[in-house]
Every structure is written in C-alpha cells, then in structure tokens.
Amino acid sequence: MEPIKLKDVVSAVKGKVLSGEIENKEILSVTKDSREKANKGLFIAIKGENTDGHRYIEDAVQNGAVAVLVNDEPDTYVQGVVYIQVEDSVKALQDLATEYRARFNIPFVAVTGSVGKTTTKDMIASVLATKYKVLKTAGNFNSEIGAPMTILGLNNNYEIAVIEMGMDHLGQIANISKIVKPDTAVITNVGVAHIEYLKTRENILKAKCEVFENLAKDGVGILNADDDMLIKVDNKFEKIWYGKSDSADIRVENVVVDYADGVVKATLCLGEERYGIKIPGLSEHLVYSAMSAIAVGLRYGLSVQQAIDGVANYTHTKMRMDIYKLKNNILVIDDTYNANPDSMKSLIDTVKKADKTHKILILGDMFELGEKSNELHIEVLDYAITNGINKIFVVGDNMNKAASILQNEHIICFDTKEDLVNNLSKIVVSNSIIAIKASRGMKFENITEKILENYMLL
C-alpha cells in the first residue's frame, strides 16, 4: 500500500474524528484483523455474524495500528491513537477503497461466475505475470469486504490487477464493480450456485452481468460461448467469446486428460492457427479457465507463446483439485474448498475418465441451494451412479437424505466425518482414484488430512 494521509481517510469515509490528531499523519496499511501485524496501520472494526471488531481495538493497536475506524464510540481511548467514527464501517471500507483505486492508472480485470472463478482468476494472473507485476485477489477473498481489502493492497509496483467478484444476492457485484471500475470483465458461466437466494438462473445471470455496469467505455467482456445463459448477453460493448463452440473467437479442441503427468492437453485454435497447450490439473473443464486467461493476455499485449507459458505455469489455490499420489497406485483429489452441483459434476467427470479399477467419491452436503436442495443432491448422486462411479461415500443430512431416496448399492452413508474416517481401510483401496468434495462449512479437508496421515505418499 502507498501512504495515505489520515485527513484524506477522514474525507473519503465521511468520518468524524473522536480522538487524536490527524494533521501530518499517514497510514501505510489497512487491516480488519486485529491479529495482523501492521506498520502504521488503520484498523477497521467490523461487526460480523460471529464477532465484533470493536472488542479487539487494543489488540490491533498493540500490533501496529495508529488509527481505528469505528461504528460505535468506545468507552475508553488508547492515548496517541486516532479514532474515526462512521455510520457503517463496511461502507466506509468500500468508500476508502474507491478513493484509493482512483489513484492508480492501471488496467483492472474483474472475474465472476458461478463455477471456476477462483481458478480462472489464478490462471489469468499466471498468464499476465509473464509480462507484468500482477496484484490478484488472495484465495477467494471476493466479497464486498474482501475485494476492497485487495484493492487497498495496491502499490506503485503493480502494473495490473485481477479482482475476483463473488455474490449471493442481487446488487453485490454492482457494488464491488463501482469500486473496481474494470477495464475487462470475465464471466465463467451461469450455474445454480446461490439459487437459494436468487431463485432462478435468469436472476443469477442478471447478478453476474452487474459487473458490466461500471465497465470502462472502451472495456471488453470475455464470455463463455458454451454457456446457454451467457450467449443471451447483448450489452453494447466489445465481446470476446471463448469455448468449444465453432462461434468462439478463442476455441479449443482435442481435449485429453493425462492422469500420469497430471495435465490437461488440448489444441488452442486462434483463427487458422493451432497451438498445443498443457494445463496443470486433471479436470477437462480447466480449458475454459485457460481460454479466458489467454484472451486476457492477448488483450494486454502478450504474445501467444507468453500466454501459453503462463497457462503451463499456473498453480491453483489450495484445496481446489489438489492431487496426491499414494502407494499402491492410489490417486487422491482434494477438491474440498467448496461445492455446488455444477462443480460436483465436473469432479465426477474427472473421476469417471481415470484409468483406475476403483472410482471412489467422498461427498458432503452442498449449501445455499434452498428449496431445490434435495432435488439437486439427488441429481448429483444420480449423475455419479450413471457415470460409473464404483463407490460413493456420503456424510451430511442432505446427502444422506438423497441417498435414502435413491436406495442404490453404490452409495454408503455415514452420520459423521469421524465415522467415515474410522472406516478408511474399507475406502482407500489399491488401484483407485478417490475424490473428496463438499461445501466449505463441512470442512472435508480434515478427511484428506486423515488419509494422508494413514497412507504413504509416493
């Protein structure tokens, strides 16, 4: 972060100084976590569902905060610390990020979508890094709080920024887009994630397209030509389409998953030119992230070879298709960061094509599916059965309910993760591929950890 004068902070957030002098003082960092070490930091006290940042002001000061931004006037003050009061600390964070973003005349790439946005963000950053110093969203820090925090991490060394945008309600991406003001907007797809709140895919499309509301006048949208909803987008801005469809500007063919080398191989088609590409990972769906990343790279002046090299150097966020090779020809895929019906089916597609005797899934509940939850859990399990998965081990109320309706011999239910872990000797068998996935709240990475503790890595 570049230095910001405290008087500019007060102006940006429309704050009231409760205590301390702001003249000739500046901050060098912004944090909302009192445990983080900060050099001349501004601590933003946010009231969340489970905790209230106002309780940890003194901890933040001990870790280097010289100013705090609060909703509530504190009972006591730490001497020498500037206290700034605002009506809404989250809104103030966003206002500060908006003012700070305006200081940088660099391109901003926004990434959103129902499935694959974090992978796509990471791959775009990998491609751009072959030529530029890139700031990217950490993990999936993509909310109305996470995105402005990412922007406040900018400094003058960065030449381009890649910002992931998430949402579960209408208006959220519009709000983030006002802060980011992207030059390029990428939408991966329109699925059923968050359908509990948005009810229909049409509403999900509307929410995703909010990213275009603050697109630069000469901005470009990069869209999936194979998505049945995105092809309806007719906004009057330049579009680059990617996919397997013949109508796509950037297209792939001859997609093959090489399980031995741990890569997806494909032929990239740009007009009449053909190029071989390799993408680290085992999911055929990675070609979509690769195509959008190549599209972004070409837009910002990379050569085709630079873009291909960037794809080849891509590293994914932890717990998103982590691959572990165990003894006895066992392959474990940890895809436990999150889950929805589309990403579950993508994982099943990966497992079914593996050259293994035993194709095994360990699945947990998917959240935020609302009244369609039971239907969609049944759909996922049925998709696994019809695609030749030998054994499906499930945990969670929703998965167990769906399994009881299907009554299929391939599905084995457990009441808890602990029960499943106690039966690992029946699950982890020779010459198998074992894929593990559930929504974040299920914390299924604990199952992966137990497998790795009990079985020898190659």
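1. Let me start with Thr 120, which in this predicted model has a relative accessibility of 2% and therefore counts as buried, the cut-off being under 20%. Thr 120 sits in helix H4, which covers residues 117-128.

2. What does Thr 120 touch, once residues up to four places away in sequence are not counted? The answer is Val 111, Val 186, Thr 188, Ser 289 and Ser 292.

3. Leu 152 is another residue to look at, this time in a loop, between helix H5 (146-151) and strand S10 (160-164). With 3% relative accessibility, Leu 152 also counts as buried, because the value is under 20%. Leaving aside neighbours within four places in sequence, Leu 152 is in contact with Met 1, Val 30, Leu 93, Leu 96, Ala 97 and Tyr 100. As for Phe 367, which stands 215 residues from Leu 152 along the chain, the two C-alpha atoms are separated by 31 Å.

4. Now to the sheet. Six strands make up an open sheet with mixed pairing, and their order is S17-S18-S22-S19-S20-S21. The edges are taken by S17 (322-326) and S21 (411-414); each has a single partner strand, so one side of each is left without a neighbour in the sheet. From one strand to the next, the twist averages 15°.

5. Within this sheet, strands S19 (residues 358-363) and S20 (residues 391-395) run parallel and are joined by 4 bridges.

6. The crossing of H12 past H13 is right-handed. On the H12 side, the contact is made by Ser 373, Asn 374, His 377, Ile 378, Leu 381, Asp 382 and Ile 385. H13 brings Asn 398, Met 399, Lys 401, Ala 402, Ala 403, Ile 405 and Leu 406.

7. How do the residues of the contact of H12 with H13 divide into nonpolar, polar and charged? There are 8 nonpolar, 4 polar and 2 charged residues in this contact.

Technical notes. Residues numbered from 1 in each chain as written. Predicted model: local features only at pLDDT ≥ 70, side-chain atom pairs only at ≥ 80, totals over all residues. Heavy atoms only, no water. Helix = DSSP H or I, 4+ residues; strand = E, 2+ residues; numbered from the N terminus. Buried < 20%, exposed > 50% of the residue type's maximum accessible area, 1.4 Å probe, protein only. Contact = heavy atoms within 4.5 Å. Pairing = 2+ DSSP bridges. Axes fitted to C-alpha atoms, helices over the stretch in contact; angles between N-to-C directions. Left-handed = near helix turned anticlockwise from the far one by under 90°. Nonpolar A, V, L, I, M, F, W, Y, C, P; charged D, E, K, R; others polar.
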